[in-house]
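Below is a briefing for someone meeting this structure for the first time. It is arranged by topic.

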Amino acid sequence: MHIIDEVQSTLEEASYDVDNGTYMVHSKLTVCPFDKVKEWYVREKIPYANPNPKSNDALYFGGRESYFIEFKNGKITNAINYEINKKIYDSLFILFDLEYVDRYGNPVNSISYTRRNMNYVLVYNEENYIQAGQTAQTKDGIKRQQAVSESGHRTALYKTVRKLAKEDFVLFGLDQFRNYLFRNVFTYTQKEFEQNIAKIFT
Amino acid sequence: MQLRISNIAKIKETTIDIDGITVIAGENNAGKSTIGKLLFAVFNSMNNMDEKIREEKRNKIYRTVIQVLQSYHGKRPDNYAAWVRRRNLFAKNIADNVMKYISGDIKQSRDDMDEVLQRGVKTASILENQEDLEVFLKECVNNLDPILNVSDDRIMAEVITRWFSRVFDNQVSPLWDEEAESKIELTIRGEKLTCLFRENTCIKWESDIHILHGAFYIDNPFVIDKISDPYGDLKITENHLVKFLQKEEEDLFEGIFDAVIAKDKMDDINAIIGKVITGDITINQEGEYCFKAGKDTRPLYVQNMSTGLKAFALLKMLLENGSIKEKDVLILDEPEIHLHPEWQLLYAQLIVLLQREFDLSLIITTHSPYFLDAIDVYSRKYNTSQAAHYYLAENDGVFSRLHDVTNHIDAIYKKLSEPMQMLENLRYSID
């Protein structure tokens, strides 16, 4: 059995926030906890390397479309945003190296595949989203901190209007991956994710 | 009603339904305003057609008489200003009499018309030399003949040309081919009106429709500043609106306003306006329009009202002086521009109600998601949504096209919300 099919958990378990000891979502949907896959990959596939790859929390191969899912309970600071980006790239590299074949017999080995068939979902904590970020230490850091000013009301407004357009509003600059690494990118609060879960994973 | 047009300004070909509120959205430079301007020109050039034809003839006669006289006064008279006054008065009398002659009010032969002219010239001491007088009379009659022989259809074509030229600043013909034939076809309850243009000129028109209603074009609340001082450069749409804003309330009885009050229809409308405008607009002793918020406050000149207030005040005045009548056409070009979202909602509610109570035909262009949504929601609330139509204007480089998106308004929201995603992406791409 392929490691991706072998390692399993519920989505709830994959959403566990170690720092705060809480689950971000409570879905019992069976997914592949991709952190475990990464650990296996580092241990079994590249034993002589000394890498520090990051990985998305969950991978889900549904029907036609598949998903990488990442849970972020804390404030998404610049450092965390960088980490999210690295997780995306590392996870895709690892996935492509695993020679996995989807249920339709298509090899999952390139961004041509993920651009056609895979989506990315980031689930974030709405309360922490609007909190002030950590103090930036450098001049450039302060500049960036000022540039990326999160506003819950602004986001709510933009989301509402995008919804009227039957489009999703993508936060944290992750829209750059839409139609590039992934077919679609979603950034949901826990509530939105739970509301959309049936729609997302059909 | 349905409007079909081809080759007008930026628009290649389009069909628009107007059964109540028709919203046109789209980016800048996509031809959104063309439809409104066009309806304004059609309705205002073709309503009261008989009166327009009479007025046109009278003006032509007046100008012809003046022209002929001008070449016969010989050397400049000593008191030129007085002579001009006499000349104008004379020309006016001639024009009035000839019009009566044409309409059959005076049953007279051509000889009698000569007599009218002769007597007029003498009374006004315009020409003293008998020889001049005879030549003048002959030339006058010769010059008037072709005018009197012009068909009413041709006169109307000229009236239509003039209205369209002024509304479109001489750019009715398509920008990509100035020689192409432009066509306007308006259908109201199966009856048709057709106008053909070439090189900005109406070359043919036909109509089974007797247009009785007017059209108002509101695109700028600052037009209200001009009611106390209507001089200076005004667009034809503004000039037209200012005249109605200045209309005295005595005219109210000729309007439908009273009848509407009788039907208790105005209560909801007044209640909405009252939320924004808590006072009256009156004229002070100096003839200036003022807004008085309450008995303890000093009146404010209308030009000093906030722009948002002006937007509501315009409609309030047009309603109260009876200018807006049942079944009229109201064109609102981006009416939300000066309004905070809360007032955008109120404005939308107001016009949805106005449409319903006055059975108006409304053309609205907008760039605002709030306003668009408010029109949609209030149309549902007041059960008029079945008469609402939504169009998305798009410019493909040369032509503009209007797509009917009534059954998928989200196409409009997509256009309106894309810049939001662009900003969010930019926010995270700044180093």
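In this predicted model, helix α11(B) meets helix α12(B) through P341(B), Q344(B), L345(B), Y347(B), A348(B), Q349(B), I351(B) and V352(B) on one side and Y370(B), F371(B), A374(B), I375(B), Y378(B) and S379(B) on the other. Contact here means heavy atoms within 4.5 Å. Helices (H or I, at least four residues) and strands (E, at least two) are DSSP runs, numbered from the N terminus.

**Helices α11 and α12 of chain B**
- The residues of this contact comprise 11 nonpolar, 3 polar and no charged; Ala, Val, Leu, Ile, Met, Phe, Trp, Tyr, Cys and Pro count as nonpolar, Asp, Glu, Lys and Arg as charged, and the others, Gly among them, as polar.
- α11 (residues 341-358) and α12 (residues 369-381) of chain B pack at about 40°, and their axes are 8 Å apart.
- α11(B) is therefore oblique to α12(B) (under 35 degrees is roughly parallel, over 145 roughly antiparallel, 65 to 115 roughly perpendicular, and the rest oblique).
- Axes are lines fitted to C-alpha atoms, for helices over the stretch in contact, with angles from 0 to 180 degrees between N-to-C directions.
- The two helices cross in a right-handed way, meaning that the near helix is turned clockwise from the far one by less than a right angle.

**Helices α1 and α6 of chain B**
- α1 (residues 32-46) and α6 (residues 152-167) of chain B pack at an angle of about 145°, with 9 Å between their axes.
- The crossing of α1(B) and α6(B) is right-handed.
- Residues making the contact include F40(B) and M46(B) from α1(B), and W163(B) and F164(B) from α6(B).
- By class, 11 nonpolar, 2 polar and 1 charged residues take part in the contact of α1(B) with α6(B).

**Interface of chains A and B**
- In chain A, 23 residues are in contact with 17 residues of chain B.
- The two chains bury about 1900 Å² between them, 59% of it on carbon and sulfur atoms (accessible area, 1.4 Å probe, lost on putting the two parts together and summed over both).
- The interface has 1 salt bridge, a side-chain nitrogen of Lys or Arg within 4 Å of a carboxyl oxygen of Asp or Glu.
- D410(B) and K166(A) form a salt bridge, with their closest N and O atoms 3.5 Å apart.

**Salt bridges overall**
- Over all chains, the count is 35 salt bridges.
- One of them joins E65(A) to R183(A), at 3.3 Å between the closest N and O atoms.
- E65(A) lies in the loop between β5 and β6 and R183(A) in the loop between α8 and β8, 118 residues apart.

**Conventions**
- Residues are numbered from 1 along each chain as its sequence is written, and chains are lettered from A in the order in which they are written.
- Local features need pLDDT of at least 70, side-chain atom pairs count only at pLDDT 80 or more, totals for chains, interfaces and linings use all residues, and side-chain values use heavy atoms, leaving out hydrogens and water.
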